[in-house]
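Colleague: Before we discuss the contacts, could you put the sequence and the model on the screen?

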Amino acid sequence: MNRRTNPLASGIGTLVALGLALGLAVVLLAVLSPNPAGALRAFFWGPVSSGLAWGNLLNQALLLSLTGLAASLAFGAGAFNLGGEGQTYTGGLAALALTLVLPVAWGWGGILAALLAGVMAGALLGGLSGWLKVRFEADEMITTFLLSASAVPFVNAVMTGPGIGAAQSMLIQSRPAPEAFWIPGLLAPSNLHVGILVAVPIVVVFAVLVNHTPWGYRLRLMGRNRDFARYAGISTGIYALVPLGLSGGLHGLAGALGVLGTQHSLVQGFSAGWGWNGIAVALIARSNPWAVLPAAALLAFLDQAGRSVVLQGQFPFQLSALFQACILFFITARRLHGRPL
Amino acid sequence: MIPPLVLLQGLTKTWPENGVTACDSVTLEIRAGEVLALLGENGAGKSTLVGLLAGTIRPDAGQVVLEGRTLGIRDRALDCGIALVPQHPPFSPELALWEHAILGDERYRWLGPRAKALLIQELTALAAPWGFQLDWNLSGREAGPLALQRATLTALFRRKPRLLILDEPTAALPGPEAEALLSAVSLWAKREQTAVVFITHKLPEALRWADRIAVMRSGRISAVVTPDQTSLEQLGSLLFPASLVAPLDTDPLPPPAADAPVVFETRGTRADFRLKAGEILGLTSLRGEGAEALEEELTGMSPLPQGCLHMDGHDVTGWDIANLRKLGLSYVPSDRLGRGSSPHSQLASNVIPYRVGQLARRGLLRRHSVREYFQDLKNRYGLAGEAGQRLVTLSGGNIQKLILAREMEQNPRVLILAEPSWGLDLEARRILYGLIRASARRGTAVVLLTSEPLELFEVCTQIGALAGGQLRSLRPASQWTPETLGRVLLGLDS
């Protein structure tokens, strides 16, 4: 069931794409920056220059692993979940809302419950699209996107609404979660926290499930040829619904972890790009869960490197997005991939 | 003697995907002013031949000579005056019919409202003599197949063709409209001293409208006759010659025991039968006459329009294929790559969908146990390829063998095979028939759906013929001859 006929050729293709993109980044830096040497140093060294930088890099990489795994699961089963952004956002809201009502004495139990609430909220949103697909043959690409697009303003309205909204704040945000439910941080003052470390075992578990179990085999068969899957007697309903539900749940978990571990309250736009970048991770990883971790690390590095250059080298702010676009462009260019280079 | 309008010289095409020679040095002349009907069974090579003629397929050998000039690969058939109306004209759902009409017509760089109005005016004028009433502003999606066919035909006349090729123009047309179309093209050919080639499965139509009738069989033109020299009966025997039935390669199957259980049965449907364990029932029809839909209906891929289906004593009417498989149904579909396999997955992944549960140890599916299973299957069924190879890299025949092995390995109660020999060469067919017999000997009830009637005589114990969507006759194979079968299929007998 491997997508790659020749893993070596495909691996080399990815490396070549990566090299081309980095080369382009270097050229851009050299040409556009008033101080090319400083800009290059900031780009390659900045993301790993300090504990703070490492913490932010790791936190982002692990968050993107979760959303990338979420997108990969859906893609691998032939369902396109374009609603990661809204599912992440909703997961954050559910987790935060629960912490506001739980007794503080629950401690870690409360954190777990809140994370679970985030998972459930995302799973419901994703599963709804799955159900619409099974029941009405509604295209999940459209329903996930639209549901997500309507979830974002809904969450924005709720986070400032009665009971949740912060009384006095310059930002559009909610009341903070009680401190008892803050997930302990690591490498302070970075964004890293112990909760996000759970991403690694989750990725491993799903990689094994997808690649080495009958369930995963059927899931991948659905992704490869839905008609064949139905012909072979696989319950196409379940295998359409479950991956979207799981995908939504993992997005929700990412949102809940971001809120409880880093933000501690719901800030408008806190999940900026996690859902969309999860799709980018899945594309680079070609929906293979094993490849999600390095793909997420790569994307996180590029993002942090871009920020670092902007901070230190008087550089256009959009640079980081431009680098990511370069990488995506080269890596998803299938033509480049298909041929052994 | 007048030189022919078009001369086909030794046209040959072998499809690299499956090694089938669809056209085998076909030589044929088409005269100015004539209507030529092209007949032949499915897979005889008719569509390939017209594709070669119209330049949509490149020949391996041979050439087309139009009015004394040999056409090269740089010539565009339509520019030279050869126009093809495919059976299902390709279309864009978004573009309007008038836009379809000028697709690929490089004279248009830019179309203002005035040019568009003129164009529609021109098209309407062209359509009038044919009696076509077309709304040229309809999009491809709204137009429907009939309007598309008409619009395609009309648009081709803007290019003043010398030779018009119609691939099954009347397959979807009601009688009077088919008559009108064919009489119009016939008049046109006589008046302009051009020519028309049309493919059809309707023999009376060919006899009525064609000046000459060419019959294709296995990639060759087997006969060219004129309507006054021939008859329905003779055409029928040209299409289904008795001499082609290959001798059976093994002993005939024993008739099922009197007390053998009925395992597959339809009641109140358009094709009722009772099938006992160990029997092989073959069902056939001409294309469009009803056998194709049985593939969907008997396998639970789509619901039965009427009546009920019984399997092994259960009323399974309306069951989905997933549940029928649990009762012991296996099914070899006619669409091998779209439905019968996952083309871009490995061979091993393609043989295990029903086995993953058994192959897993403590919930884990290990690569070596999957490969061992594939290797075992490969040895016993003589499959080609390696476990890790992608399925699409196999030839059509080898893909079919793999699908057969996978389905038969289930030791099914009921085995349904749809067009199992499409694209298979003689040796592969011999293996196929051997496997089907072996399956029946083990007590499987087999249903063979095919559009190649002669195939039924190879393996079937019962043969049923459909015409007009209904089962016309169902008898033991020994009571049929290819000729009587052909007559029932053509609607001459019942």
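Predicted model: local features only at pLDDT ≥ 70, side-chain atom pairs only at ≥ 80, totals over all residues.

Colleague: Which element gives the most to the side of domain 2 of chain B that touches domain 3 of chain B?

Modeller: On that side of domain 2 of chain B, at least two residues each come from strand E17 (414–418) and helix H15 (426–441) of chain B. The residues of the side divide into nine nonpolar, two polar and three charged. With five residues, the element that gives the most to the side of domain 2 that touches domain 3 is H15(B).

Colleague: What area is buried between domain 2 of chain B and domain 3 of chain B?

Modeller: The domain assignment places domain 2 of chain B at 242–328 + 411–494 and domain 3 at 341–409, and the C-alpha centres of these two domains lie 26 Å apart. Their contact takes 14 residues from domain 2 and nine residues from domain 3. B:Arg325, B:Leu424 and B:Leu435 supply 42% of the area that domain 2 buries against domain 3, more than any other three residues. Carbon and sulfur atoms give 67% of the area buried between the two domains, which in total is about 920 Å².

Colleague: Turning to the two chains, which three residues supply 35% of the area that chain A buries against chain B?

Modeller: The contact between the chains takes 18 residues from chain A and 34 residues from chain B. About 2000 Å² is buried between them, with 54% of this area given by carbon and sulfur atoms. Of the area that chain A buries against chain B, 35% is supplied, more than by any other three residues, by A:Tyr217, A:Arg230 and A:Tyr231.

Colleague: Which side chain of chain B meets A:Arg230 in a salt bridge?

Modeller: Across the interface of chain A and chain B the rule finds one salt bridge, alongside 14 residue pairs in polar contact. The salt bridge has an N to O distance of 3.0 Å, and the side chain that A:Arg230 meets in it is that of B:Asp320.

Colleague: Which helix gives the most to the side of chain A that touches chain B?

Modeller: The elements that give two or more residues to this side are helix H7 (199–212), helix H8 (214–224) and helix H9 (226–231) of chain A. The residues of the side divide into eight nonpolar, six polar and four charged. With five residues, the helix that gives the most is H8(A).

Colleague: Why is one side of strand E12 and of strand E15 of chain B left without a neighbour in the sheet?

Modeller: Four strands of chain B form an open sheet in the order E12-E11-E14-E15, with antiparallel pairing. Strand E12 (273–276) and strand E15 (314–315) stand at the edges, so one side of each lacks a neighbour in the sheet, and the reason is that each has a single partner strand.

Colleague: Which residue in E12(B) stands opposite B:Phe264?

Modeller: Strand E11 (residues 262–267) of chain B runs antiparallel to E12(B), and four bridges join the two. Opposite B:Phe264, the residue in E12(B) is B:Leu275.

Technical notes
Residues numbered from 1 in each chain as written. Chains lettered and ligands numbered in written order. Heavy atoms only, no water. Pairing = 2+ DSSP bridges. Contact = heavy atoms within 4.5 Å. Buried area = accessible area lost by both parts, 1.4 Å probe. Salt bridge = Lys/Arg side-chain N within 4 Å of Asp/Glu carboxyl O. Polar contact = N/O pair within 3.5 Å; in protein donor to acceptor, adjacent residues only side chain to side chain. Nonpolar A, V, L, I, M, F, W, Y, C, P; charged D, E, K, R; others polar. Domains from an automatic or database assignment.
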